[in-house]
Amino acid sequence: MLTRRSTLLTSLALLGGTASRAAAQAGYPSRNVRLLVPFPPGGPTDLVARVLAEKMAVALGQAVVIDNRPGANGNIAAEGVAKAEPDGYTVLYNTSSIALSASLYAKLNYDVTRDFAPVALTATVPLLIAVHPSLPVRSLAEFIAYVKANPGKLSYGSGGAGNVTHLGSALFLKSQGLEAVHIPFRGSAPALNALAGNHVQFVADTVNSAHPLAQSGHVRALAIMSAKRSPVLPDTPTFAEAGLPNVEIGAWQGILAPARTPPEVIARLNQATLKALADPEVKAKLDIQGAELLGSTPEAYGAYMRAEIARWAGVVKDSGVRIE
């Protein structure tokens with residue numbers, strides 16, 4: 001009799017817990033949502049996240065608080081969200097670095113495809129090829145011919161070994177059968193400064209990082225790795241216009257929640273994200289940064305991430321970069 005009573009009490013407790021969770025999900029969100037950003041305040045990713053967070057808060061009826069957790073190429077923030085309570089109150093504003101990390105790192109304390117629930121693909125900031133103005137080239141075709149005629153004599157900067165700015169260059173060079181020397185820096189800013197000083201001859205960097213130097217004439221933008229021209233560099237052709245179709249490489253961004261977050265909560269976050277992306281004020285602010293707004297269903301974002309993980313795995317292998 002005692003055993004039956006204990007079992008009954010346990011069952012009632014479980015049912016009560018389930019009912020409480022269901023009620024909480026129905027009223028989601030009832031408090032602030034933390035959006036972990038894996039980079040420092042004021043950087044390009046942080047700026048985009050803050051613009052979106054402000055409008056998402058309006059849609060959700062609760063504040064969306066930015067929590068900057070920089071370090072380890074985004075892995076500190078990613079691990080924090082992967083291990084967070086799956087209730088929708090701690091989510092990640094991730095970048096394409098999360099897809100690169102799956103192949104770059106010998107060991108991660110999370111699994112990209114297992115430990116997250118996709119919410120939405122938000123935006124992408126395309127890469128562009130920029131050269132020092134002293135280089136005798138004014139188009140992508142001339143640049144390719146020049147590098148081909150000088151194998152291994154030119155150097156290119158990046159924001160760090162394994163960074164998308166490194167692997168984007170590596171992918172481009174391989175596709176054209178070109179050889180150049182990689183010089184990694186600690187971030188895009190020092191890499192671009194090195195280019196402006198002619199310490200390296202070219203970079204493949206994000207439009208939002210490179211366009212101020214391109215507009216001032218300190219570097220020369222040759223082509224953008226995007227399907228359409230950038231509003232911040234309207235005179236710079238796309239790769240397709242320059243004769244290389246189907247080349248689209250950018251630092252894409254999205255929102256992930258911990259795995260096992262209830263589908264109703266994911267749907268609510270997705271709706272708030274899409275509403276923010278559709279806001280004209282958001283578009284105007286992000287146009288200035290050279291970001292292209294996207295938007296997707298959770299399912300589409302999951303499929304996109306898996307495709308990107310597979311695509312960059314081959315590039316990482318060819319580059320020989322491996323981080324312990």
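A: In this predicted model, N246 lies in the loop between strand 8 (220-224) and strand 9. The backbone angle phi of N246 is near 65 degrees, which is a positive value in a residue other than glycine. N246 counts as exposed, because its relative accessibility is 78% and the cut-off for exposed is over 50%.

A second residue may be set beside it. A72 also has a positive phi, near 55 degrees, and is likewise a residue other than glycine. A72 is found in the loop between strand 2 (64-68) and helix 3 (75-82). With a relative accessible area of 42%, A72 is partly exposed.

The contact between them takes 18 residues from domain 1 and 20 residues from domain 2. About 1,500 Å² of area is buried between domain 1 and domain 2, and carbon and sulfur atoms give 66% of it. Within the area that domain 1 buries against domain 2, E292, W312 and V315 supply 27%, more than any other three residues.

The interface may also be described through its individual pairings. The rule finds 1 salt bridge across the interface of domain 1 and domain 2. The side chains of K174 and D318 meet in a salt bridge, with an N to O distance of 2.3 Å. Across the interface there are also 2 residue pairs in polar contact.

Strand 9 (250-258) is among the elements that give two or more residues to the side of domain 1 that touches domain 2, together with helix 4 (97-104), helix 10 (280-288) and helix 11 (298-319). Helix 11 gives the most to that side, with 6 residues. The residues of this side of domain 1 divide into 8 nonpolar, 6 polar and 4 charged.

Finally, the chain may be considered as a whole. Its secondary structure comes to 11 helices and 10 strands. Of its 324 residues, 50% count as buried, in contrast to the exposed N246. Along its principal axes, the C-alpha trace spans about 90 × 40 × 30 Å.

Conventions. Residues are numbered from 1 along each chain as its sequence is written. This is a predicted model: local features need pLDDT of at least 70, side-chain atom pairs count only at pLDDT 80 or more; totals for chains, interfaces and linings use all residues. Side-chain values use heavy atoms; hydrogens and water are left out. Contact means heavy atoms within 4.5 Å. Buried area is the accessible area (1.4 Å probe) that two parts lose on being put together, summed over both. A salt bridge is a side-chain nitrogen of Lys or Arg within 4 Å of a carboxyl oxygen of Asp or Glu. A polar contact is a pair of N or O atoms within 3.5 Å; within protein, one must be able to donate a hydrogen and the other to accept it, and residues adjacent in sequence count only if both atoms are side-chain atoms. Helices (H or I, at least four residues) and strands (E, at least two) are DSSP runs, numbered from the N terminus. Ala, Val, Leu, Ile, Met, Phe, Trp, Tyr, Cys and Pro count as nonpolar, Asp, Glu, Lys and Arg as charged, and the others, Gly among them, as polar. Buried means under 20% relative accessible area, exposed over 50%, partly exposed in between (1.4 Å probe, protein chains only).
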